[in-house]
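Let us walk through this model one region at a time. Keep the sequence and the structure side by side as you read.

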Amino acid sequence: MPALASIATPALRPAVPPADTGPAITVTAATPVTAPPVGAPPPPPPRRSAPASASASAPQWLLTARSWLFGGNLVAKLGLLILFIGVSFLLKYTAARVSVPIELRLAGIVLADLALLAWGWRIRLSRPSISLPVQGAALAVLMLVTFGAFRVYHLIPGAMAFALLLVLTVFTCLLAVLQNAMWLAIFGIAGGFATPILASSGGGSHIGLFSYYALLNGGVLALALLRSWRPLNLLGFTFTFTIATTWGVLRYAPENYLSVQLFLLLFFAFYVSIPLAYARQQSVQLKHYVDGTLVFGTPMLAFGLQFSLVHGFPFGVAYSALALGLFYVALATVLRRQQHAQRYALLADSFLALGIVFGTLAIPFALDGRWTSAAWALEGAGIVWIGLRQQQKLAWMFGLLVQVGAWVSFIGSATGLSPAGALDANLWLGFVLLAATAFLMATRFRTHSTDDDNQVFPLLAGVFLVFATVWLVAGAWTEILLRVVENRQGTLLVGSAMVAAIGLYLIARKLAWPLAGAIALLVQAVAGFKLLELAMAGWSGPAASSLFERPLPGALMIFGAALFSSWALQRRREESIGATDIAPVYRLTYAWSALWWFCMVTPDLANWLAGHYAGLFPQRYSTEYGVDTDLQLCAYGLLMAATALAAVRFARSLRWPALRWFAATVWPALAGATLLVVVDLYDNASRLPHVETWITFAALWLAGEWLMAAWLRQGWALPPMVLRLLHTVRTAGPWLMIWPVTAYVISRWLAGPSEQVFIADWSTSASWARFVPSWLMMAAIAWLMRRSRQEAWPVAPLAAWYRSRLIPAGCAWSALLVAAWNLTQDGAMAPLPYVPLLNPLDLSTCFALVLVLACYRLQAPAARVPAGWPAGWIAPLPLAIALFGYAWFNLALLRTVSHYLGVPYEFASMFASQFVQAMLSLAWSVTALILMRHAARRTWRSAWIVGATLLGLVVLKLFLVDLSNIGGVERIVSFLGVGALMVGIGYLAPLPQSEPAGQPQEEAA
């Protein structure tokens, strides 16, 4: 045991290592993990918390049901229930198998049941928990036997059976009243209602069944007059209407109408009277006495059954609903005139509401949907007005329900009409009536929202204002769609919506109701989306059609409304403190107006103007297949330039700086126009764009220039990146156009007016159309260099950026261009003969080298050498210029050989020529000699190594290329020349022994 204690102890101690750790401690600590001790005591059981009180949170009905179900003798209750069911089964079994006469069997059951009932009555005082269930079961068995003897076995006549059942029902009620035992009555009544179901054979007359149920319901009514037993009333109500509905669905035939109608009226009278009796009992005890289930459930279920009975008769349902409404109104009037009317005040109000409801229901059953909706709309508005004035919540809530019913009825009747029927129906009257009543209710709720802190009234006011707008706009649109031809609908649809929006703006202003303004914005959006739908569906009209047959007027209205809304919201932001709340709405309306101007108004107006312009020149522009796309783009560009000028002017006059962004769109338009013109120029070199294209481009370019100047004068912020991008577009675009335009002009001049311009063959005069434009582009770059030094237009205020970015990019383009030409062209300048260094290609190369050198000198001294560049080395750009110049010199030699010796200027031909190989070997050797001699005189080891490397390439070339020419003179010249030069190099340019002062040895190496 001590050992076990020592083993178990470490598991209970804190996990702190002891001062002295030995093997025994290690084994002891590991033991609980691998194998727990056998004798260790089990862990203590977890402590249970005290159960919380369930009654503190359970609802009252649950507590009542639990107390009945689990209170008293639960075993006895369950036994009696099972016994009752067993008796029912026994009757069926014995009827099928036992040969004992049925009279004796039933008599034995009755005697035993009477004995059980007597015993239950005897112990009523000593054992009430058993006595009451026994009595209820015994009475239910007696009812079952009586009904079986009459219906199943035909042992007694019907009069006697109903007399006995009546006696049993009265007796059950009497016992329940004498003992004040509600559950006894429930047992008895439940058994009585269940008897026909359990003992049914599938046949029999409905008159007998319903007569029996009438007797049972009479007992329920009698008990209701004596006791306030609500569960008993609900039990009878549920059994009666459930079984009646089931029988009606399964067994009803038209020939049973009269008897079923009378029974329905009788049951209805029972369960209208029972709530009155219940209210009479409860009013004395000053409790809440309105039994909502019976008061409202009875007419609903009864009317549903009545509908099934009379729906085949003309106006049968309408007369039934009207009669039911009049009955409840009369009943409410009688209750209000009682001596103690205050007792029945709430019940009278309930009956009055039911009367109004069923009177309202009589309207749609008697009239069509449109008249029903009109009547309900007026009735609902009136009820709401009265309910709000008298502060009766149920009244105005019912008015709301009636109003919604009017809407549903009108929609249902209108959607079922054909177009021809809708034209004759004058639907606009219904729409106007619904809109007017909805607006009246909206104003009523808004007026009463100031008298109460209830937040429901403002919400309802807003909802009805929305629906008033919906009905008004929907009515106008319905009439337009029915009565106007398709190509004229769009303008009228938008116009009607704008009229509604104006009305809402006036409401918002006069009534200080911001919600109306918000709904006006929503109406604008809906109208806009509708117009977009029509436009996307193909509605645009021919180019020369009337303006009312195009989307343009509607788009203009939407744009104007959106722009005005945005301006009004901007003024409100400036004047009100809570400006941040409407900032998103302001931005949205501003963007919406811009979307309509640039995506709908301007394109459609451009299309219309282009069509009329094309009509002035039918020889040049044919409109048979639509308006020319180029003309539409030109008109759109001119409108964009005009928009920029107008936007800046209105931004100043209205003190609305945000309007400047309408003008800023001219810059993307300029970029797009530049791209299109440049692509067209380079893609179609045989022609120039039309004069309209050049006018449009000039207008956009001038508007962009003017806008940049005005933008800076007004002090409007423009991000540096955007400003640089704008300068790139407006400078690079015209610069890129120099080439194709000049090439076309030169080619046209050289080719003559009678020949087609075709620029393709470099060996003809067309080569001048390639080189001269490049000279002009280089001249433009040189002019920009000069202007950048002066920091004047067009480089101001970005002269430094031009010098560091844009001008070097142009120079790089020039260098790459002449590099490509040197690799692919032979420098022919027909009809002039080829002259080395004085041909267009070599001149272009010289100009490009000079331009790159000038760009290098334009840079700041600190920017000429990048960080980390080795000291003593030539700067990167001069080095690149030198390498490029040497490559150009070699290519110039090859072109000279090509022209004077007839070697094709192609890589394969040049490589195969031994003369070319020998010439290159000698030229490279001479270059190595000059470089190494210069390096030796300057004691410049790095330059000498470069020359030696070049010389090594020459030697390698001799053995790999030149040596393959067996017996050729060129090989001899190559080897001799290179050898002699190398001897000269060894004598004249030995390896320098040291670097000049100031140069590190490692850099020289």
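Which residues does Thr469 touch, not counting residues up to four places away in sequence? Thr469 touches Leu504, Ile519 and Val523. The residue sits in helix 19, which covers residues 456–483. Thr469 counts as buried because its relative accessibility is 7%, and the cut-off for buried is under 20%.

Now step back to the whole chain. The model is predicted. Its secondary structure comes to 38 helices and 0 strands. Of the 1005 residues, 43% count as buried. Consider the contacts with a separation of 6 or more: residues 24 or more positions apart account for 69% of them.

Two helices show how such packing looks in detail. Helix 31 spans residues 840–858, and helix 33 spans residues 876–901. Their axes come within 11 Å and cross at roughly 175 degrees. An angle over 145 degrees counts as roughly antiparallel, so helix 31 is roughly antiparallel to helix 33. By class, their contact has 12 nonpolar, 2 polar and 2 charged residues. On the helix 31 side, the residues include Leu841, Thr845, Leu849 and Tyr856. They meet a set in helix 33 that includes Ile881, Phe884, Trp888 and Arg895.

Helix 35 is worth a look for its length. It runs over residues 914–937 and has 24 residues. From first C-alpha to last it reaches 34 Å, close to the 34 Å expected at 1.5 Å a residue. Helix 35 is followed by Thr939, whose phi is positive, near 50 degrees.

Turn next to the aromatic rings. The count comes to 38 aromatic pairs. One of them joins Tyr257 and Phe313. Their centres lie 5.4 Å apart, the planes are at 50 degrees, and the pair is tilted. This pair links distant parts of the chain, 56 residues apart. Tyr257 belongs to helix 11, whereas Phe313 lies in the loop between helix 12 and helix 13. Tyr257 is partly exposed at 25% relative accessibility. Phe313 is also partly exposed, with a relative accessible area of 44%.

Trp592 and Trp596 form another pair, with ring centres 5.8 Å apart. Their planes stand at 70 degrees, so the pair is edge-to-face. Both residues are in helix 23 (residues 583–616). They are 4 residues apart, so about one helical turn separates them. An α-helix has 3.6 residues a turn, so residues three or four places apart point the same way. Both Trp592 and Trp596 are buried. Elsewhere, ring pairs link Phe559, Tyr586, Tyr590, Trp597, Phe598, Trp656 and Phe662 into a cluster.

The backbone deserves a final pass. Most residues other than glycine have a negative phi, and most peptide bonds are trans. His154 has a positive phi of about 55 degrees. It is found in the loop between helix 6 and helix 7. At 59% relative accessibility, His154 counts as exposed. Ala512 has a positive phi of about 50 degrees, and lies in the loop between helix 20 and helix 21. Ala512 is exposed too, with a relative accessible area of 57%.

Which peptide bond has omega about 10 degrees? The bond that joins Trp793 and Pro794 does, and it is cis. Pro794 is in the loop between helix 29 and helix 30. The bond from Ala796 to Pro797 is cis as well, with omega near 0 degrees. Pro797 has its place in the loop between helix 29 and helix 30.

Definitions and conventions
Residues are numbered from 1 along each chain as its sequence is written. This is a predicted model: local features need pLDDT of at least 70, side-chain atom pairs count only at pLDDT 80 or more; totals for chains, interfaces and linings use all residues. Side-chain values use heavy atoms; hydrogens and water are left out. Buried means under 20% relative accessible area, exposed over 50%, partly exposed in between (1.4 Å probe, protein chains only). Contact means heavy atoms within 4.5 Å. The expected span of a helix is 1.5 Å times one less than its number of residues. Rings of Phe, Tyr and Trp (its six-membered ring) pair if their centres lie within 6.5 Å; planes under 30 degrees apart count as stacked, over 60 as edge-to-face and the rest as tilted. Axes are lines fitted to C-alpha atoms, for helices over the stretch in contact, and angles run from 0 to 180 degrees between N-to-C directions. Angles under 35 degrees count as roughly parallel, over 145 as roughly antiparallel, 65 to 115 as roughly perpendicular and the rest as oblique. Ala, Val, Leu, Ile, Met, Phe, Trp, Tyr, Cys and Pro count as nonpolar, Asp, Glu, Lys and Arg as charged, and the others, Gly among them, as polar.
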